Amino acid sequence: MSVRTIGVVMNGVTGRMGYRQHLVRSVLAINEQGGVTLSDGDRVKLRPVLVGRNADKLADIATKHGISDFTTDLDAALASDDNLIYFDAQVTSARVKAVLKAIEAGKHIYAEKPTAESTQEAIALAEAATAKGVKNGVVQDKLFLPGLLKLKRLIDGGFFGRILSVRGEFGYWVFEGDWQEAQRPSWNYRAEDGGGIVLDMFPHWHYVMENLFGRIQSVYAQAVTHVPARVDEQGNTYQATADDAAYGIFELEGGIVAQINSSWTVRVNRDELVEFQVDGTHGSAVAGLRNCRVQHRSATPKPVWNPDLPATARFRDGWQEVPDNAEFDNGFKIQWEAFVRHVVEDAPFPNDFASGARGVQLAELGLRSNAEGRRIEVPQL
């Protein structure tokens, strides 16, 4: 067994997601386990090169984790032949320009979603990567959540019969930033900075629906800014120009109807921060981040609507937990390992920039549906 090390330029690791999920729980965790194992038993370790605008923040992260390479000069990081992969977790508005630089430098590209703010830009990135001959991938982490992996197992095993509908609930209360600090950066609530829950979450819902249930054929969405003013990281009040909640109805191939609510202005009264209920002719399931419960048609109760009498049935008691039946690793880390194998030994990686562009397209059409107040068909890219 041999071990090789490749350089990975990581742009945006001073942000919450870039630091916690991608640097610490993925790249550094991969190195701690001895690297990515290839099909022949060899291993690949990753040498992170941290890039960002704030040298002090980069230095703090580098010192904390014993990382020797960090810089505010993206061009210099891309110029090194030892750096094979460029990863981008910046704010969405800065992504396209940096990714195009990395493509031109001949780096293989792995990027957070959405890959761009518009469908046109997202398609242009995919075309540029293809023309340059560089491998490319987009983060689609929710496909690797234990709850959705269990849901996929149920679908593959034919548990549902014919799937009829999907209902999703996602979100939590994000504090306004005045009397309690907000959990999300202020740019999320400014449209001019690439913010908005539609652009953030519809690409997620796209790849979840496309991979589990089928191609999306139409969208009807209502996007709302429920909280019009918030307080930023410096304590300044600003006007929220981006949507903080979205209510979407999606028609999928095969006649499946999906309804998904996304909100940063909702207080959680469910078991997990995201839950999907799938109803089919033979059974139903409710899947969250980690857990999944099912009810087969043979165990389905027979409620009768009578508002004059109290309900005596304990409906939740009629559901059964789906067992793990497997070890579940961090979803971000799993996808990092898959992308490294894709780069080094050409292993399959279906979550490419083309799939990322379809997610951006759904967000763009969702916003158009909201603006025009009508159902919009989704052309196939």
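User: How do strand 16 and strand 17 pair, and over how many bridges?

Analyst: Strand 16 and strand 17 are antiparallel partners joined by two bridges, and two strands count as paired here if DSSP finds at least two bridges between them. Helices (H or I, at least four residues) and strands (E, at least two) are DSSP runs numbered from the N terminus. This is a predicted model, in which local features need pLDDT of at least 70 and side-chain atom pairs count only at pLDDT 80 or more, while totals for chains, interfaces and linings use all residues. Residues are numbered from 1 along each chain as its sequence is written, and side-chain values use heavy atoms, with hydrogens and water left out.

User: Which residue stands opposite Gln-320 of strand 17?

Analyst: That is Val-294, which faces Gln-320 in strand 17.

User: What sheet do these strands belong to, and in what order do its strands come?

Analyst: They are part of an open sheet of nine strands with mixed pairing, in the order 17-16-15-14-8-13-12-9-18. Strand 17 (320-321) and strand 18 (376-377) stand at the edges with a single partner strand each, so one side of each has no neighbour in the sheet.

User: Let's stay with strand 15. Is it covered or open?

Analyst: Strand 15, residues 283-287, is mostly covered, with five of its five residues buried; buried means under 20% relative accessible area, exposed means over 50%, and partly exposed lies in between, using a 1.4 Å probe and protein chains only. On one side Gly-283, Ala-285 and Ala-287 are buried, and on the other Ser-284 and Val-286 are buried, which leaves both faces covered.

User: How is strand 15 joined to strand 14?

Analyst: Strand 14 (residues 274-280) runs antiparallel to strand 15, and four bridges join them. The two form a hairpin with two residues between them, and Gln-277 has Val-286 of strand 15 as its bridge partner.

User: And what about strand 16?

Analyst: Strand 15 pairs with strand 16 (residues 292-296) over five bridges, again in the antiparallel sense, and a hairpin of four residues connects the two strands. Ala-287 stands opposite Cys-292 in strand 16, while Val-286 has Arg-293 as its bridge partner there. Four of the five residues of strand 16 are buried, so it is largely enclosed by the rest of the structure.

User: Which strands does helix 9 lie across?

Analyst: Helix 9 (residues 353-372) lies across strand 9 (216-224), strand 12 (245-252) and strand 18, and runs at about 60° to strand 9. For such angles, axes are lines fitted to C-alpha atoms, for helices over the stretch in contact, and the angles run from 0 to 180 degrees between N-to-C directions.

User: How is the protein divided into domains?

Analyst: Domain 1 covers 3-141 + 330-350 and domain 2 covers 143-327 + 360-376, with bounds that come from an automatic or database domain assignment. Their contact takes 18 residues from domain 1 and 18 residues from domain 2, where contact means heavy atoms within 4.5 Å. The centres of domain 1 and domain 2, taken over C-alpha atoms, are 28 Å apart.

User: What area is buried between domain 1 and domain 2?

Analyst: About 1500 Å² is buried between domain 1 and domain 2, and carbon and sulfur atoms give 59% of it. Buried area is the accessible area (1.4 Å probe) that two parts lose on being put together, summed over both.

User: One more: where is Pro-146, and what does it touch?

Analyst: Pro-146 is found in helix 6, residues 146-156, and it is buried, with a relative accessible area of 5%. Not counting residues up to four places away in sequence, Pro-146 touches Leu-289, Arg-290 and Phe-328. Pro-146 and Asn-291 are 145 residues apart in sequence but 6.9 Å apart in space, C-alpha to C-alpha.
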